[in-house]
Amino acid sequence: PQDMVIMCLDDLLANIVRFEQADLRKDREARSRALTRCVTSLTALEMGVDRTAPLGDPLLQFYAAGKSALLGMMISIEVGRLHAIKADFEDIRDSFRAAA
């Protein structure tokens, strides 16, 4: 299960980078595709949370907040906020890797 979480987080992080790059190129189609993949990764992460685990609820809240923040950038990216989101998810991924 941890490998799947790490894979989803890696996919999310790669698509955050694609999202920003597409925005810089003014490529709306690639931007939309990357954002959709980010949301898909976060949805998969939410679905995989063990709701009985002590960190279940905080993880669900974290994933939902990330999804909401990314969807809030559908029209216009806030670069600083996007970098903060990416850094937060890198920290979570690194924690899962360390625990594996």
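Analyst: The questions below take up helix packing, salt bridges and accessibility. The model is predicted, so local features need pLDDT of at least 70 and side-chain atom pairs count only at pLDDT 80 or more, while totals for chains, interfaces and linings use all residues. Residues are numbered from 1 along each chain as its sequence is written, and side-chain values use heavy atoms, with hydrogens and water left out.

User: Why is H2 called roughly antiparallel to H3?

Analyst: The axes of H2 (residues 28-47) and H3 (residues 56-71) come within 9 Å and cross at roughly 165 degrees. Angles over 145 degrees count as roughly antiparallel, so H2 is roughly antiparallel to H3.

User: What makes Asp10 and Arg97 a salt bridge?

Analyst: The term requires a side-chain nitrogen of Lys or Arg within 4 Å of a carboxyl oxygen of Asp or Glu. For Asp10 and Arg97 the N to O distance is 3.0 Å. Asp10 lies in H1 (residues 2-24) and Arg97 in H4 (residues 79-99), so the pair ties together parts 87 residues apart in sequence.

User: Asp23 and Arg31 also meet in a salt bridge; why is Arg31 called buried?

Analyst: Buried means under 20% relative accessible area, exposed over 50%, and partly exposed in between (1.4 Å probe, protein chains only). Arg31, at 10%, therefore counts as buried, whereas Asp23, at 23%, counts as partly exposed. Their salt bridge has an N to O distance of 2.8 Å.

User: How do you know that Glu90 and Lys86 are separated by about one helical turn?

Analyst: Glu90 and Lys86 are four residues apart in helix H4, which means about one helical turn. Their side chains meet in a salt bridge at 2.7 Å, N to O.

Key
Axes are lines fitted to C-alpha atoms, for helices over the stretch in contact, and angles run from 0 to 180 degrees between N-to-C directions. Helices (H or I, at least four residues) and strands (E, at least two) are DSSP runs, numbered from the N terminus. Angles under 35 degrees count as roughly parallel, over 145 as roughly antiparallel, 65 to 115 as roughly perpendicular and the rest as oblique.
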